[in-house]
Number of protein chains: 2
Amino acid sequence: MKKTPHKVILTEDQMPRQWFNMRSAMKEQPDPMLRPDTLQPVTEADLAPIFCEELARQELDATQAYTDIPEPVLDIYKMYRPSPLIRAYDLEKALGTPARIYFKYEGNNTSGSHKLNSAVPQAYYAKQQGLSGVTTETGAGQWGTALSVACAYFDLSCDVYMVKCSYEQKPFRRAMMNVFGADVTPSPSMTTEAGRKILAENPGTSGSLGCAISEAVESAVGSAGGKRYVLGSVLNQVMLHQSIIGLESKLAMEQLGEYPDVVVGCAGGGSNLGGLIAPFMADKLQGKKNPRIVAVEPASCPSLTRGKYAYDFCDTGKVTPLARMYTLGSGFIPAPNHAGGLRYHGMSPILSKLYHDGYMEAVSYQQTQVFEAAVFFAKHETILPAPESSHAIKGAIDEALKCKETGEEKTILFGLTGTGFFDMTAYENYLSGKMTDYIPTDEDLQKGFDSLPKIPQNENI
Amino acid sequence: MKKTPHKVILTEDQMPRQWFNMRSAMKEQPDPMLRPDTLQPVTEADLAPIFCEELARQELDATQAYTDIPEPVLDIYKMYRPSPLIRAYDLEKALGTPARIYFKYEGNNTSGSHKLNSAVPQAYYAKQQGLSGVTTETGAGQWGTALSVACAYFDLSCDVYMVKCSYEQKPFRRAMMNVFGADVTPSPSMTTEAGRKILAENPGTSGSLGCAISEAVESAVGSAGGKRYVLGSVLNQVMLHQSIIGLESKLAMEQLGEYPDVVVGCAGGGSNLGGLIAPFMADKLQGKKNPRIVAVEPASCPSLTRGKYAYDFCDTGKVTPLARMYTLGSGFIPAPNHAGGLRYHGMSPILSKLYHDGYMEAVSYQQTQVFEAAVFFAKHETILPAPESSHAIKGAIDEALKCKETGEEKTILFGLTGTGFFDMTAYENYLSGKMTDYIPTDEDLQKGFDSLPKIPQNENI
């Protein structure tokens, strides 16, 4: 029997020319985003001061299945895409599993992750609208780097609020964004009202994505009109752009005559997972196929596995609209010993709805388990994975080990979102035995839940 | 006219199955390596205590044009190869040049460079020979990382002597090698006789590749027989393995109907340059084509542009055979303000011979010029280049600007050997204006030349 190739890289001609909107395949839609003042669904006009016009349109459009990828966006995609779908032969052998393990590898670009897939169109639409620049937040730093790269290409200014503990753990991330011309501020900062308020209430805080979002939104809205805010995860528009991951994966697997029995992805705000699963979830929703979809999250920030499905602010400073999602409360701040990303208090409303309706499973792991999987994977597959991505590795390994027990020759697909080159402090801590785990107690979580908005929609939660 | 694709990635089936030996196309061979005691050409038996058997054979075999790449080596190559050949459309536009600029990008693997191409076969042959491990040196860190990755895959021990100033400038490089199970020692160290001697003579030294080689060789030869020394550049065997870069480049350019008028590569010990140019140089030697071949080196370590073509030790501790090459003298130690790699005192004997015989040109640049080119390239091509690779970028940009002046639509190919993710300190220094240049004076160079062996072969030099 002919051995499957080690990897499939589609040609540029085979690369999808359209993004796919998962909502178009959902019979029940996610609950709408609400204005916090009126509790009415937000409109494009409501979003216009915050988001670029086309992005606001994409955010609210649940019905259009396919959106053409603009030519200038395709031009940058072609610099680093299509990304490879790789068969993890040596990992399979090391595990002794009958399963076939594939991973879609998004690390081959300078942001070191899949984040560039959405940074490019977001920067492009900002440029098209004639804006001078964009503001954003970043946690582990991939999104901020991706946006810096895209803004340098389109000659836009780029202001990044970086979660303070990441800023301190990863000084080189900041330097890298500087190379591409971005301004980077540790968050919470004294440069915004939201930041000052958060610091006043919680002076020693190491920051959170929720805080950084508040500052970035305030900074965009307060600019002289020439900037908008952009976000690298959670939003419907981001799920749309990231669908390129799943669309390419599906095409590449078709070339191999494969279809995944299980699709595994790490989940922080949901950008990678939502993109990876898009076409497979559509098949499932439409009854064509029935793959299992597994979200893997850190035990220290367990929005799906221990959060509440409630309306919540997307940020800590409570300046954004309300979204119904699995959330730990916008006041939740992960423990500072948490390495890497996946530290957002909520989860994409689309993924939250799918999880709520039973189309998706979720598991959580502690970080030492995740780093153990990361080092094992690195030694066998020659790639040093990001801590975030390593959650998916751990999930996929456990699925493969289940197959070893049952003897099932399942096809497992997981998303390897990026590289760990800027996470060496965390790797060092792990190797030297200094890394600790943290599982929030029910009391810890309750503090976050107490920050949920007291609105009628949340009454039964 | 149909626009050329942004990049060509050959399929796995199109990937070359054989390495190409540039020597087989040379009418005049490089002078043979000599034993320092007898001044007689070294034999495979002489090399056996230092090198793996098959690698010693490859080192001395000048006639065999093609060597089959072993299947297990192909298996790892397929994890990250073929590497892309990318058209630098946006760079061309930004420069306003009529030239077409292509680069062969070797950064898409965890070593962050082309070094994995030779690390894999070297580890493989060590494993085949039943050895327990290998020892080596590393400068900027890419080679050490590459070898760590390869050794982890083949389950070999890996002892890396890392040039002290790089060890200190790049703590995360060490951490990364540790992830893959390697032991890393800053060089010169007190763990070897060579290291202790160098430290006694030069207590404040920041180290050099030449020092680190001495230590690694001593450590291998002094082991209980289970280890051999491996080297990531300079050697004929390395040129052979790296020919995969050039072979793929030529195939990819053929698919585009292109052939380079100029091939530009950075040159430290010559591994990338020798690999990139292999098939093009063969065409030139055989009179089939006449591309210009340009080596780019740092002004602070100018072996080709200011060195002597002489017999010299490959290391500072004078434990290796003598090779005839362009050299600054094994006693030459680059200034500590020199960022990045390309700090070896000599140059591949093959490339030295070709340069000496007029088949190749060489230019040198100061590091601030190189970083300026790096940042310009990053903003336009979305890739953060390694400082080493950025020498080739600078060379290619200057070639493209010449075309702008003359209006010639030349085809330029350069080698982008890797990524700068572990060079952020250097980038920060550049961005903050703290980076300085250093051009050795003639007196500085004379000190190095004084260390050349006083043997009859060097009398007229």
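1. K7(B) and E12(A) form a salt bridge in this predicted model, their closest N and O atoms lying 3.4 Å apart; the term is used here for a side-chain nitrogen of Lys or Arg within 4 Å of a carboxyl oxygen of Asp or Glu. Because K7(B) sits in strand β1 (residues 7–8) of chain B and E12(A) in the loop between β1 (7–8) and β2 (18–20) of chain A, the pair joins two chains. Helices (H or I, at least four residues) and strands (E, at least two) are DSSP runs numbered from the N terminus.

2. On conventions, residues are numbered from 1 along each chain as its sequence is written, while chains are lettered from A and ligands numbered from 1 in the order in which they are written. Local features need pLDDT of at least 70 and side-chain atom pairs count only at pLDDT 80 or more, whereas totals for chains, interfaces and linings use all residues, and side-chain values use heavy atoms, with hydrogens and water left out.

3. The contact between the chains (heavy atoms within 4.5 Å) takes 43 residues from chain A and 43 residues from chain B. Together the two chains bury about 4,100 Å², of which 65% is on carbon and sulfur atoms; buried area is the accessible area (1.4 Å probe) that two parts lose on being put together, summed over both.

4. Over all chains the structure holds 49 salt bridges, and the count between chain B and chain A is four. In one between these chains, E428(B) pairs with R174(A), the closest N and O atoms being 2.9 Å apart.

5. Which helices of chain B each supply at least two residues of its side that touches chain A? They are α3 (71–80), α6 (142–154), α8 (171–179), α15 (367–381) and α17 (424–431), with α8(B) giving the most, at six residues. By class, this side of chain B has 23 nonpolar, nine polar and eleven charged residues, where Ala, Val, Leu, Ile, Met, Phe, Trp, Tyr, Cys and Pro count as nonpolar, Asp, Glu, Lys and Arg as charged, and the others, Gly among them, as polar.

6. Some backbone geometry in chain B deserves a check against the model. A cis peptide bond joins R81(B) and P82(B), with omega about -15 degrees, and P82(B) is placed in the loop between α3 and β4 (85–87). The bond from S187(B) to P188(B) is also cis, with omega near 5 degrees, and P188(B) lies in the loop between β8 (183–187) and α9 (193–201).

7. D155(B), although not a glycine, has a positive phi of about 60 degrees, and its place is in the loop between α6 and β7 (157–163) of chain B. For context, most residues other than glycine have a negative phi, and most peptide bonds are trans.
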